[in-house]
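Let's walk through this structure together, from its overall layout down to a few side chains. Please keep the sequence and the 3D view open as you read.

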Amino acid sequence: LVALIPVLLMTILLSGYFVFSRFDDLDEALIKRSQMLASQIASSSEYAVFSNNKELLQQEVDAVLIQRDVSRVLVLDASLKPIVAKSRDGLGQFETLLLKANAASPFYQDADVLILYAPISATQIKLNDFVFDKGVKSAQTKLPGAVIIEISKHRLVTKRQQIILLSLL
């Protein structure tokens with residue numbers, strides 16, 4: 001008993017540590033993947049938002065909704081009015097997305113969802129390399145729009161349950 005209790009206690013503590021570190025890794029991977037998706041659709045939709053090409057935006061939104069975890073995508077114009085809003089289930093309260101994630105708080109997370117806000121930035125092409133007025137700062141350009149993506153955490157929760165079951169076995 002004297003030999004088994006410390007070994008059992010150490011085994012429980014180490015397995016608990018490894019399970020929770022795996023949970024942190026899963027959370028971090030979901031956040032990084034979500035940020036990558038949000039920045040990808042924001043950069044690829046710059047021209048479509050600028051030209052108000054809803055068909056092209058719809059194709060880009062549909063391509064993102066193919067991902068299993070993505071539940072809603074909202075593309076906004078410069079005045080934060082929805083251009084394209086699409087949900088996996090067809091239902092959507094897209095106003096709540098804008099309230100939860102916006103330029104002031106681009107990241108929202110609760111137990112069920114992860115919501116990311118990514119501004120669409122205009123790519124500026126420098127036409128000549130000559131700088132005549134070094135003291136004059138360039139005027140900041142207004143952002144052409146933004147993208148809001150909602151990621152479901154249901155798959156993450158089931159993966160956590162599987163890890164707990166496997167560690168208990």
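In what order do the elements of the chain run from the N terminus on? The order is α-α-α-β-β-α-β-β-β-α, which comes to five helices and five strands. Helices here are DSSP runs of H or I with at least four residues, strands are runs of E with at least two, and both are numbered from the N terminus.

Before going further, a word on what you are looking at. This is a predicted model, in which local features need pLDDT of at least 70 and side-chain atom pairs count only at pLDDT 80 or more, while totals for chains, interfaces and linings use all residues. Residues are numbered from 1 along each chain as its sequence is written, and side-chain values use heavy atoms, with hydrogens and water left out. The pLDDT, the predictor's confidence in each residue from 0 to 100, averages 83 over the chain, and 86% of the residues score at least 70. Confidence is highest in helix α1 (residues 4–44), at a mean of 92, and lowest in helix α4 (residues 94–100), at 73. Where pLDDT is low, the predicted coordinates should not be read in detail.

Now find strand β1. Seven of its seven residues are buried, so β1 is largely enclosed by the rest of the structure. Buried means under 20% relative accessible area, exposed means over 50%, and partly exposed lies in between (1.4 Å probe, protein chains only). Two strands pair if DSSP finds at least two bridges between them. β1 pairs with strand β5 (residues 145–152) in the antiparallel sense over six bridges, and Leu 74 has Ile 148 in β5 as its bridge partner. The hairpin of β1 and β2 has five residues between the strands, and Leu 80 takes a positive phi near 60 degrees in it.

Next, look at the charged pairs. A search of the whole structure finds five salt bridges, each defined as a side-chain nitrogen of Lys or Arg within 4 Å of a carboxyl oxygen of Asp or Glu. One of them joins Arg 72 and Glu 150, with the closest N and O atoms 3.1 Å apart. Arg 72 lies in strand β1 and Glu 150 in strand β5, so this pair ties together parts that are 78 residues apart in sequence. Both ends are buried: Arg 72 has a relative accessibility of 16% and Glu 150 one of 7%.

Asp 69 is worth a stop of its own. This residue sits in the loop between α3 (54–65) and β1 (70–76) and is buried, because its relative accessible area is 7%. Leaving aside residues up to four places away in sequence, Asp 69 touches Leu 30, Arg 33, Glu 150, Ile 151, Ser 152 and Arg 155, a contact being heavy atoms within 4.5 Å. With Arg 155, Asp 69 forms a salt bridge whose closest N and O atoms are 3.6 Å apart. That pair links distant parts of the chain, since Arg 155 is in helix α5 (residues 154–168), 86 residues from Asp 69. Arg 155 itself is partly exposed, at 37% relative accessibility.
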